Every structure is written in structure tokens, then in C-alpha cells.
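Subject: Structure for you to look at

Hello,

Here is the structure I said I would pass on. My notes on it follow below.

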Amino acid sequence: MPRVAVVTDTTHYLPRDLADDAGLCSVSLYVNDGGRTVRESEMPDFDRFYEHLGRAEQLPTTSQPSLGDFLGAYEPLLRQGHDVVSIHLSGRISGTVEAARQAADEAMRRHPQRRIAVLDSHQACGAMGAVALAAAAVARGGGDVAAVVRRAEAMRDHIEIWFSVDTLEFLRRGGRIGAAQAWVGGALKIKPILSLQDGELHPVERVRTAGRAFDRMTDYLHLRREAGATTWMVQHIRASDVVERLVQRGREIYGCEPYFVSEIGPVIGTHAGPGLVGVTGVDRSLLV
């Protein structure tokens, strides 16, 4: 393992082989449903969860990792002689990054010769995953904590994902709607396009049909390509048919396969709902 280990959390939803090849260590968030609390990392069957979510009168709740969870990730790495860069879900939508900071302070008291840098990605899902992958690339190259953090911050400043959702209802019920609150009401029947900016949900555009939402997501891939992006990414929640068509268009725009395509899991899915599709393009040089 490199001299710096990169820790993140399960809300990146990167393909497992990609995360494993990058050497990422992921700390799990939790889903609380019907009096039962389960680690997201122990919920591989997303279809069953989303079928239940679509019928649920009361949404499940989600919770951040405990200090003990983070210490359980940090301690073995520190004992092996590694420093750590820990990159997490936006602090504006989860307390995960603050729990990581508290655990890092405790771990460094126990191991004063080691360093842990905790970074708020200001992002979620694939965008957070891209920040972690960028950091891991520098770590694999032998970079120290400062160099790993610089690359992570560069990707954080560079990346922005647009995503469309079938409805704002899940975000409204889950209390994660952010600046898109202005669209609640009559707007619940539209197909909103949103982004995460400075760690908070922001409205991009209101469209009336799924077809128009697809066109705007394709337009965004074009915009990112024109801005210098050389690779691209797609994530979704139970929208494989839309993703298949989007991947076909992305290949035409970028002339390559997507860097990854993956499905978003229960912690974020609880708040976004089935039908979400997210896309972005990035400068591949930040990932190597």
C-alpha cells in the first residue's frame, strides 16, 4: 500500500473493482428501516430495497458512521505506518465528515507520529468518488499527504454532476432539498435537473418530460467536453434503460467508453428516489 492511504465512505457508489483497484477504504453509512439498522455495505441487493421504497408510506432514515467505525478504519492503517487522507460526503447534507474529523483527532492522539487529513468533498456519489480516485492516483505515485490533498481539492473544484430526478418528493420528504425548495409545490410534477454546488443541492432547470431531461443531460456532456473534459461518468437509480441510451450518446461525444457506470445505493437513494440519472465529464489527467 502507498505511504498515504485514502479512506472514503460508501456513498461514492463506484464500481467495486474500480474502488478496489484504486486501494480505497470505504466506511459504511447506515440505513434504518422498520426498527432495523443495517450497514449500507451489507445491502448488495439494491433492487429489493428500491421496490420496498416505492411502496413505503414512511421513508427509511439514514445515519452517518460512528466515531468507532472511523477509528476501526484508521487504526490498522496508522499501525501499518500509513498516513491517511479521508474524503467524505458533503458536510451540508451529512454529518459524516464531522464524525471523521473527530475520529481523526482521537486517532492522531494515539499515534502522534502519523497524520490524518479529513476533506469535505462538497459532493456526493460519483463526484465524491472522483475526488477520492484523484487522491488515490497521487497516493499510488508516492505522494505525501499534502500532495494527495492538493489533487483531491483540484478535482473537487473541477467536477460538477448534473442529475435529473423523476420527482422532488423524495428529496422534500427526506429534508435534503436545499435551494431547490423554491420548486416544491406545483413543481413536483416536473422532471427537475439539479446539481451540487458548494455542498448543497441547487436547481439547474425545470423540464416537463423525460425526453427533454434526457436531451439536457446529453447537452451537459457536450458542454463538459467543450470545456476540456476527456472522460465521462454516469450513475443512476433503477434507470438502466435511460442509461443505456445515454451511454450510446456519450460514446459519440467522447469517442471512448465511460470511466464508470454504476447504480446509487440506499443511503442516497432514500432521499433521491428511483429514476435518478447523473452525468458529468472530467479531465482524465486528474485521475492518473
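This is a predicted model: local features need pLDDT of at least 70, side-chain atom pairs count only at pLDDT 80 or more; totals for chains, interfaces and linings use all residues.

The side chain of R110 meets that of E75 in a salt bridge, with 2.9 Å from N to O. R110 belongs to helix α4 (residues 96-110) and E75 to helix α3 (residues 67-79), so this pair ties together parts that are 35 residues apart in sequence.

Salt bridges with shared partners join E75, R79, E106, R109 and R110 into one network.

The helices themselves come next. The axes of α3 and α4 approach within 9 Å and cross at roughly 45°, which makes α3 oblique to α4. The crossing is right-handed. On the α3 side, the contact is made by L67, F70, L71, Y74, E75 and L78. On the α4 side, T96, A99, A100, Q102, A103, A104, E106, A107 and R110 take part. Sorted by class, the contact of α3 with α4 has 10 nonpolar, two polar and three charged residues. E75 and R110, the salt-bridge pair described above, are both listed in this contact.

How many salt bridges does a search of the whole structure find? The search finds 16. Two others from my notes are given here.

One is between D47 and R238, where the closest N and O atoms are 3.8 Å apart. D47 sits in helix α2 (residues 46-55), while R238 is in the loop between β11 (231-236) and α9 (240-254), so the pair ties together parts that are 191 residues apart in sequence. Both partners are partly exposed: D47 has a relative accessible area of 39%, and R238 has one of 37%.

The other is between E252 and R249, whose side chains meet with 3.8 Å from N to O. These residues are three apart in helix α9, so about one helical turn separates them. E252 is exposed, with a relative accessible area of 60%, whereas R249 is partly exposed, at 31%.

Two single residues remain.

T231 is placed in strand β11. Is T231 buried or exposed? T231 is buried, with a relative accessible area of 0%; the cut-off for buried is under 20%, so the value falls in that class. Which residues is T231 in contact with, leaving aside its neighbours within four places in sequence? They are Y254, E257, Y259, T280, G281, V282, R284 and L287.

P203 is found in strand β10 (residues 200-207). With 31% relative accessibility, P203 counts as partly exposed. The C-alpha atoms of P203 and I193 are separated by 6.4 Å, and these two residues are 10 apart along the chain.

Regards

Notes. Residues are numbered from 1 along each chain as its sequence is written. Side-chain values use heavy atoms; hydrogens and water are left out. A salt bridge is a side-chain nitrogen of Lys or Arg within 4 Å of a carboxyl oxygen of Asp or Glu. Helices (H or I, at least four residues) and strands (E, at least two) are DSSP runs, numbered from the N terminus. Buried means under 20% relative accessible area, exposed over 50%, partly exposed in between (1.4 Å probe, protein chains only). Axes are lines fitted to C-alpha atoms, for helices over the stretch in contact, and angles run from 0 to 180 degrees between N-to-C directions. Angles under 35 degrees count as roughly parallel, over 145 as roughly antiparallel, 65 to 115 as roughly perpendicular and the rest as oblique. A crossing is left-handed if the near helix is turned anticlockwise from the far one by less than a right angle, and right-handed if clockwise. Contact means heavy atoms within 4.5 Å. Ala, Val, Leu, Ile, Met, Phe, Trp, Tyr, Cys and Pro count as nonpolar, Asp, Glu, Lys and Arg as charged, and the others, Gly among them, as polar.
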